[in-house]
Each structure stands twice: as C-alpha cells, then as structure tokens.
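Subject: Structure handover

Hello,

I am passing on the structure below. My notes follow it.

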Amino acid sequence: MQTLSWFIVAAFLIGSLIVLLGVFIIGGVELFRFLQVALLQAFGLGLAATSSLFFFVRLVWGLNAPPMGISMVFFVIGAALFVSVSVGRLYMFQYPMYVQSFGPGGGPGLPLLNVLSFFQHIEQFERVADIARDPNDVPPPLTFLDSTTPSVSLVDSFGSAVASGTLAFVEADTPPDEGGVVRELNLETTEVLAEIAPGITFNYWTFNNTVPGPFFRIREGDIVKVTITNNKTSLHHHNVDFHAATGPGGGGKVSVVAPGETKEFTFKALNPGLFVYHCAVPNMAVHMAHGMYGLILVEPKEGLPPVDREFYVMQGEIFTTGAIGRRGLQAFDAKKMMESTPTYVTFNGRPDGTVGKMKAEVGDRIRMYVGNGGVVHSSSFHVVGEIFDTVYPEASIGGAVLKNVQTTNVPAGGATIVEFTVDYPGTYVLVDHALMRTDKGAWGTIEVTGPANPEIFNGDFGEHDHEGHH
Ligand SMILES: [Cu+2]
C-alpha cells in the first residue's frame, strides 16, 4: 500500500510531464500559450485527485480493516452507476464525449482526430486582427425608388412582380430580366484564429475573413454567378446556401468545396427581399456557430426609397468550452450548442463588433439590414430611444410594411429591415431586447451628432454616474 500510494504520485508527475511535452511537440510554444489556462486547470485537478487518492489509500491501509476498504470500493461503483444514467451515449473518440445526434448528417461532436489535426496545424491558420464586419460595409443602392412615389404604391406595385415555384438554377448564358445584369459574387471560405475579446481566441470559420460575410446587393431579375473557393489551409469542407436562390439546397448541394477547391453555380434572383446565406455542410449548426453566415439584398425592380445611411448588422452565437470571459484558446462546445446556451451572443462576430462604428447626423434617415445567423435564439431587435417608423417584417419586400414599431423579431436564419429618422443627438444603443444577451455581447451603438431640439426631447443629463446598479 505504501508502494501503491507513491506509485500514484509518480504516475501523476510523469503524466503531467508527458502532456507538457506532447503539447510542445504537436504545436510548439504557440499552442502552449493558447492552452496555458486549461493546462493549469487540468494540473490543479490532477494534483487534487492525486492528493486525495494518496490520502484515501493511506487511510484505508491505516484502518487495517478489509471490510472498510471493500465498502469504499462499492461506494465508488455506486457513485459511478448513478452518474452514468444522467449522461448520453459515450463517444470515446470525439469531443465532447457525450453528444448524440438524431439529425441528418453527422452529429455536432468533433472527432478527436480533427482536434489533433487542428493543434498540429495551429501555425498555418491566418490571424485576423478584427473578425467583425464593419456595419458600414454596405454597397450603394442599385436603383432608387422615385421618392415622390407614395409608399402605398410601393406595396402594390410589387404584388405581381413575384414569381414562385419555378426552378431557378439556370444555364450560365440565360439573360437576366430587362434592366437586370449578370452579377458575379465571390466567396472564399476560411478557417482563421481571431479574438472574441482581448485574450480570448476562437477558431472562426468565415466567408471572406469576417463575421458576418460580405453584404451582397443585387436586383430582382438578375442572374447571379457564384464562385466559391475554400482556402487551402482549411481543415473542413464548406459550401453556401443562398436563401435568395430557388433550387435544391439554395446552391448548397452544388457548391461543396474541399480545401483548395473552387466551384461555380448560377441562379436567378426571382424574389426581392433581404436573405441570409450560410454554410450548409453537415453539421450545419456547427458551421454556422463558427461564423459562416451573411446577408444578400435583392432589391425590387423599382428599388427601395432613398435613405441617408444604411447599416449591416447580424446577430450570431458562439459556444465555447470555457465560461464567458475565460481566456486562452476556446474550443467549440457542441454540448452547449445542443443545450441552447451560447456563451456569447454577438452583433457582427464578437462583443463590441459594431460599438462606436455607426455614425449619423440629426435628421438622417437610417435603414438597417439586420440578420440572424442563430443557431439557437430569435432576436428581439430594438434600438433604445428610437422607434422604427417602418419595418419590413421578416425582411419581406413587396408585402405590407409595419409602422411605428418598438421591437421586431429576427428569426434564426432570417432577417428584418428597419427604418427610422434620428431626430436628437446622442448615443443610441441597439440590443436584442432579451436583455441578458447584452451581457453576452449582443449590443451596438449608433452615435448621432447635431443640434438638440428641446421640442422633441428635454431633460437634465447632469453629471450622474450611469454605471453600475441603482
Ligand atoms: Cu462550412
């Protein structure tokens, strides 16, 4: 027993050394730096377990009574039986080890080989300094609606323009509708390392190195030629499913690209609206929860009413193994995703992704294109201190618009378009009004400058400290 207790201690020390050496051999100093918090925690757990085992073995030995020892063995068996019923099927070679799926395609767990392959290639991943897509990154309008046209005819005029039920995958030489053009959209899928917040690194998967991917702007009746390339440093296949396309998988089935591969496909934009595009390679939710989503606006033939500023914001969720704020390299946590508990909820890829970037002047009319990549929550989109005078509900163009809305729904895999005029200077905070999500990162700001009109709003802003609890 004396020997056994010392053997346990020796095994722990040798094991720790092997793990440390293994980390250096697989991924060098870089990997060690990313994992140091997790390694420290694992060492602590190992130290505690070793000490208690040591104590336990010596205690049982010291009692000098075999029945006591046997009862302890049964205690351990009983506890293990109890714990085993509360977890699902055990997958020894995937991470996490207990996530089962009944969906199409593979489950969300990562095979252990992928984890190892990720560590081995950690040097090759591009470091992206800022993963957040700039909310100002909206191409200019293609067509303006004549501003003298009353908005009621905007609604009416679209009713007959919408075709539906036809297969829209078209021959590459199909001409666009009159006034339309052939548009070439280029997407590159990448797997990169970027910070969720200072010191917290995540392996984002992206379209064109930002989250969300680029904002595409096309016109109803256009022919869309999509070229998708998967960067050669990727470890996974990717593709793109355009909700704006009519056809199998929205293009997903014909655009699966292996690392280094390029594919093209063509579709005709039959319906106007603001549409999500996303990666749809199984496990789809896993790919989207790594950042693979974006928006494409299909302008109606008549265009949208002119505005002064347009912004692009897209909500998303990140599931990390470490709790919120935990530093170091954060692994994707499929278990948290299955349990619908995102660690971070973001506007444009990370907390602060849009903060301080959107500016306007008093009197500006603002249009916001707001999408939601999910994969769990619908968003209750709201701008504090503003009223949306116009909402295109669920980003529908051609149907009835809503007037004077406080908070609007943005479903997962959906979008909305909101319009309002900023009448008073100040900082306007956009939120998902399921407000605890602001603590997970779901908020942004629009800074409005210009003269203050006391007839619209008047009050003493004073010198109060607005931080903290009141
Ligand atoms: Cu993908």
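In which loop is V375 found? V375 sits in the loop between strand 16 (365-372) and strand 17 (379-383). Please keep in mind that this is a predicted model. The bond joining G374 and V375 is a cis peptide bond, with omega about 20 degrees.

There is another cis peptide bond to look at: the one from P282 to N283, where omega is near -5 degrees. N283 belongs to the loop between strand 10 and helix 5 (284-289).

Strand 10 (residues 273-278) and strand 11 (residues 293-299) run antiparallel and are joined by six bridges. Opposite V276 stands L295, a residue of strand 11.

Core

The largest nonpolar core has 88 residues. Those that touch the most other members are F275, A289, L295, I296, Y369 and A415. For F275, once its neighbours within four places in sequence are left aside, the contacts are F242, H243, A244, L295, I296, V298 and A415.

Strands 12 and 14

Strand 12 (residues 309-318) and strand 14 run antiparallel, and four bridges join them. Strand 14 (residues 344-347) is covered on both faces. On one side Y344 and T346 are buried, and on the other V345 and F347 are buried.

Positive phi

Two residues other than glycine have a positive phi. For N209 the value is near 70 degrees, and for N404 it is near 60 degrees. N209 lies in the loop between strand 5 (200-207) and strand 6, whereas N404 is placed in strand 19 (residues 402-405).

Are these residues buried or exposed? N209 is buried, because 20 other C-beta atoms lie within 10 Å and the cut-off for buried is 20 or more. N404 has 10 C-beta neighbours inside 10 Å, so N404 counts as exposed; the cut-off there is 12 or fewer.

Regards

Terms used: Residues numbered from 1 in each chain as written. Predicted model: local features only at pLDDT ≥ 70, side-chain atom pairs only at ≥ 80, totals over all residues. Core = buried A, V, L, I, M, F, W, Y, C linked by C-beta atoms within 7 Å. Contact = placed C-beta atoms within 7 Å. Pairing = 2+ DSSP bridges.
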